[in-house]
Amino acid sequence: MKLRLLADHPVLNFINTIDPREGPHRVEYLSGFADLVDWARHGGILTGRNARKIAVEGKYNLRDATRAFKRAIELREALYTIFVNVAARRPAPSDAMAQLVGAHRDALAHGAFVRTGDRFQWVLPATPDFVRWRIAEDAIELLQSTKLNRVKRCPGSGDCGWLFFDTSKNATRRWCSMEGCGNRAKLRRFLRRQKRPAPDSRPAAPTPPIRPHAPSAPR
Ligand SMILES: [Zn+2]
């Protein structure tokens with residue numbers, strides 16, 4: 001999995017597993033359970049023994065894995081609806097919120113407090129639904145954060161629409177990545193300034209679709 005993790009938050013990175021996120025040229029990066037596990041490893045959500053156990057279970061328990069994958073994607077789309085509205089300062093639709101609350105309730109029903117040393121730890125079982133549960137927990141936490149207004153949507157060209165969590169000091173981050181969408185916007189402004197009036201006004205040739213986050217050099 002080479003998809004870039006630019007969002008500075010696991011929930012928003014999960015939402016950004018479609019690239020670009022909007023428009024007719026969207027590319028889906030998660031096409032099955034193995035992709036989901038691969039992405040979760042890449043994003044640090046699944047590590048060590050858990051990752052191996054869940055990957056193996058996905059191979060031998062196809063029915064459960066397929067169901068878990070479908071539910072994870074449904075949650076991802078509900079989260080996209082919620083957080084794209086959060087970024088636009090609009091209320092989140094109640095059916096998407098209900099999906100999230102349902103996934104979170106599932107996580108609560110399956111997790112357990114385990115004593116580790118001098119404290120307790122909330123642990124989710126290593127089953128095919130692990131990623132969905134963990135993401136639901138993180139999303140609930142983010143929604144309650146006082147920094148929720150730092151969730152933003154990239155206005156980049158090519159229908160980028162990726163979401164990110166602005167960790168900049170003065171909350172001035174505008175793009176999913178300065179090297180990608182930010183530079184393209186800069187270039188467009190530059191070209192606009194250079195443009196002379198054309199002698200005739202033939203329509204411009206259509207521009208090819210842009211995939212803003214095609215794997216390239218690390219950020
Ligand atoms: Zn972007």
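This is a predicted model: local features need pLDDT of at least 70, side-chain atom pairs count only at pLDDT 80 or more; totals for chains, interfaces and linings use all residues.
Residues are numbered from 1 along each chain as its sequence is written.

The protein has 7 helices and 6 strands, taken as DSSP runs numbered from the N terminus (H or I, at least four residues, for helices; E, at least two, for strands). From the N terminus, the order reads α-β-β-α-α-α-α-β-β-α-β-β-α.

Let's look at one helix pair. Helices α2 (residues 33-42) and α3 (residues 48-60) pack at about 170 degrees, with axes 10 Å apart; axes are lines fitted to C-alpha atoms over the stretch in contact, and angles run from 0 to 180 degrees between N-to-C directions. So α2 is roughly antiparallel to α3, a label for angles over 145 degrees. On the α2 side, the contact uses F33, A34, V37 and R41, and α3 brings A51, I54, A55 and G58; contact here means C-beta atoms, placed from the backbone, within 7 Å.

Now, the core. The largest nonpolar core has 45 residues, and L12, L36, L79 and F164 have the most contacts inside it. Such a core is a set of buried Ala, Val, Leu, Ile, Met, Phe, Trp, Tyr and Cys residues joined through C-beta atoms within 7 Å, and buried means 20 or more other C-beta atoms within 10 Å of a residue's own. Helix α4 gives the most, with 10 residues. Leaving out residues up to four places away in sequence, L36 touches L30, F69, A72 and V131.

Methods: Angles under 35 degrees count as roughly parallel, over 145 as roughly antiparallel, 65 to 115 as roughly perpendicular and the rest as oblique. Two residues are in contact if their C-beta atoms, placed from the backbone, lie within 7 Å. A residue is buried if 20 or more other C-beta atoms lie within 10 Å of its own, exposed if 12 or fewer, and partly exposed in between; C-beta atoms are placed from the backbone.
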